[in-house]
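Okay, thanks for coming, everyone. Let me put the model up and then talk through how its parts pack together.

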Amino acid sequence: MSIQFDIAKQIIAETCPNRKLKLENIRLFADIIQPKKYQKGDIILNEGDICNCLFYIEKGFIRQHYLKHDKDVIEHLACEKDVVWCIDSYFNREPTHLMMDAVENSVLWEIPRDIMEELSDANGDIAYLYRSFFENSLMLSQLKADILRFESANDRYARLQQHFPEITRRAPLTMIASYLQMTLETLSRVRASIANAESK
């Protein structure tokens with residue numbers, strides 16, 4: 001089997017673990033995905049581009065961000081086995097306000113929108129997979145929104161450690177602070193507080 005087929009199986013297993021797709025439909029999906037390599041700092045999607053793909057991260061670390069009053073604001077951080085995309089741009093076929101770039105050297109597999117929609121119209125397995133991408137993304141967005149709306153700074157960081165440990169291990173502190181909507185000084189105090197509590 002090809003690496004493309006193996007990655008397709010991996011994406012399917014992680015996206016819809018409760019449904020086994022037929023072999024011929026896995027092959028259909030494998031035929032449309034393509035890998036792209038990015039070096040640290042490379043732009044994957046720039047402000048003003050149209051997001052025409054879902055991006056599955058095989059390797060690396062990705063940030064989505066935007067500028068607000070000349071300040072860089074982190075919208076999303078993602079690493080291996082995550083799928084990233086710019087929702088408004090993808091659905092509305094309009095230029096995105098977000099930027100997406102590689103925090104580390106990365107390998108992303110592009111899942112093209114137009115072909116996925118064509119396959120979904122004719123194939124129940126592919127339609128289920130396609131819908132699962134969006135359902136998973138919505139649940140992740142809801143989790144983040146709940147964390148930011150309802151939890152203290154300490155609880156926000158603790159929940160990030162619990163649900164997304166790779167982010168706390170690999171992202172620079174400035175990015176984590178922006179992602180959690182707190183200052184770097186607040187994040188430093190939170191980390192110290194949690195470390196003190198764990199050492200007792």
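**Domains and helix packing**

So, the C-alpha centres of domain 1 and domain 2 lie 25 Å apart. Domain 1 is 1-149 and domain 2 is 150-199, with bounds from an automatic or database domain assignment. Quick caveats: this is a predicted model, where local features need pLDDT of at least 70, side-chain atom pairs count only at pLDDT 80 or more, and totals for chains, interfaces and linings use all residues. Residues are numbered from 1 along each chain as its sequence is written, and side-chain values use heavy atoms, leaving out hydrogens and water.

How many residues of domain 1 are in contact with domain 2? It's 20, against 16 residues of domain 2, contact meaning heavy atoms within 4.5 Å. The area buried between the two domains is about 1700 Å², and carbon and sulfur atoms give 67% of that. Buried area here is the accessible area (1.4 Å probe) that two parts lose on being put together, summed over both. On the domain 1 side, Leu77, Ile147 and Leu148 supply 36% of the area it buries against domain 2, more than any other three residues.

Now the helices, which are DSSP runs (H or I, at least four residues) numbered from the N terminus. Helix α1 (residues 3-15) packs on helix α2 (residues 23-32) at about 110°, axes 9 Å apart. Axes are lines fitted to C-alpha atoms over the stretch in contact, and angles run from 0 to 180 degrees between N-to-C directions. So α1 is roughly perpendicular to α2, a label covering 65 to 115 degrees. Among the residues making that contact are Phe5 and Ile12 of α1, plus Leu23 and Phe29 of α2.

Last pair: helix α4 (residues 113-122) and helix α5 (residues 124-150) pack at about 130°, with axes 6 Å apart.

Definitions and conventions:
Helices (H or I, at least four residues) and strands (E, at least two) are DSSP runs, numbered from the N terminus. Angles under 35 degrees count as roughly parallel, over 145 as roughly antiparallel, 65 to 115 as roughly perpendicular and the rest as oblique.
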